[in-house]
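Hello,

Here is the structure we talked about passing on. Please open it next to this email and follow along.

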Amino acid sequence: MMNYNIRGENIEVTPAIRDYVEKKISKLERYFTETPNANVHVNLKTYNNTNAKVEVTIPMKNLVLRAEERNQDLYAAIDLITDKLERQIRKHKTKVNRKFREKGEPQDYFAVQADNAVIEEENDDLQVVRTKQFDLKPMDSEEAVLQMNLLGHNFFIYTDAETDGTNIVYKRSDGKYGLIETN
């Protein structure tokens, strides 16, 4: 059974909004052979610029589903987030079923659907279509951010000049920058 924890920031969660969220997310249950015991955490936020942000996290035994969507219309954002979660489930289902087929063990965690086109589509999503190789130049994080912006990318991999470790700088959705340091 799915238990819903719906919170609103700068918005009152009305019964209509609550019903819409529960109706849309409960459609995900069809992908499972038995209804998972899961706590569905939904955060609804509105901003001064009238944008709405919906975050959904569904921690389950073998999988954590998480999606985030921004839209001017709260209900449209809920629809889009449901689609994202469905795609995540289908990708995971395909991956799990492929693993169990290779091992020769049955898998009944996900419901079986006669939807081979979807499985082929999901396989295409996981296919690597381009490979690049390049030498990592030693630099600091500020220079890496500059390089990333010059290239017009949203992330950049480099070797840290001080630690000699491989690091990644990336552009966050709020316009600021993040740094991932490897051990």
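Predicted model: local features only at pLDDT ≥ 70, side-chain atom pairs only at ≥ 80, totals over all residues.

**Overall layout**

The chain holds 4 helices and 8 strands. Along the sequence they follow the pattern β-α-β-β-β-α-α-β-α-β-β-β. Of the 183 residues in the chain, 32% are buried. I also looked at contacts between residues at least 6 apart in sequence. Of these, 38% join residues at least 24 apart.

**The four-stranded sheet**

Start with the open sheet of 4 strands. Its order is E1-E2-E3-E4, and the pairing is mixed. Strand E1 (2-9) and strand E4 (64-71) are at the edges. Each has a single partner strand, so one side of each has no neighbour in the sheet. From one strand to the next, the twist averages 10 degrees.

Now look at the pair E2 and E3. Strand E2 covers residues 38-46 and strand E3 covers residues 52-59. They pair in the antiparallel sense, over 6 bridges.

**Leu-85**

Next, go to helix H2 (residues 74-103), where Leu-85 has its place. Is Leu-85 buried or exposed? Its relative accessibility is 0%, so Leu-85 counts as buried; the cut-off for buried is under 20%.

Which residues does Leu-85 contact, leaving aside neighbours within four places in sequence? They are Leu-28, Val-56, Ile-58, Leu-65, Arg-66 and Ala-67. Take Leu-28, which is 57 residues away from Leu-85 along the chain. The C-alpha atoms of these two leucines are separated by 7.9 Å.

**The largest pocket**

Last, the largest pocket. Its volume is about 230 Å³. The lining consists of Lys-132, Phe-134, Asp-135, Leu-151, His-153, Phe-155, Phe-156 and Ile-157. By type, that makes 5 nonpolar, 1 polar and 2 charged residues. Which strand gives the largest share of the lining? Strand E6 (residues 155-160) does, with 3 residues.

Best wishes

Definitions and conventions: Residues numbered from 1 in each chain as written. Heavy atoms only, no water. Pairing = 2+ DSSP bridges. Helix = DSSP H or I, 4+ residues; strand = E, 2+ residues; numbered from the N terminus. Axes fitted to C-alpha atoms, helices over the stretch in contact; angles between N-to-C directions. 1 Å grid on protein atoms, 1.4 Å probe; cavity = no way out; pocket = protein on both sides within 12 Å on 5 of 7 lines; lining within 4 Å. Points joined across faces, edges and corners; volume = space filled by probe spheres on them. Nonpolar A, V, L, I, M, F, W, Y, C, P; charged D, E, K, R; others polar. Buried < 20%, exposed > 50% of the residue type's maximum accessible area, 1.4 Å probe, protein only. Contact = heavy atoms within 4.5 Å.
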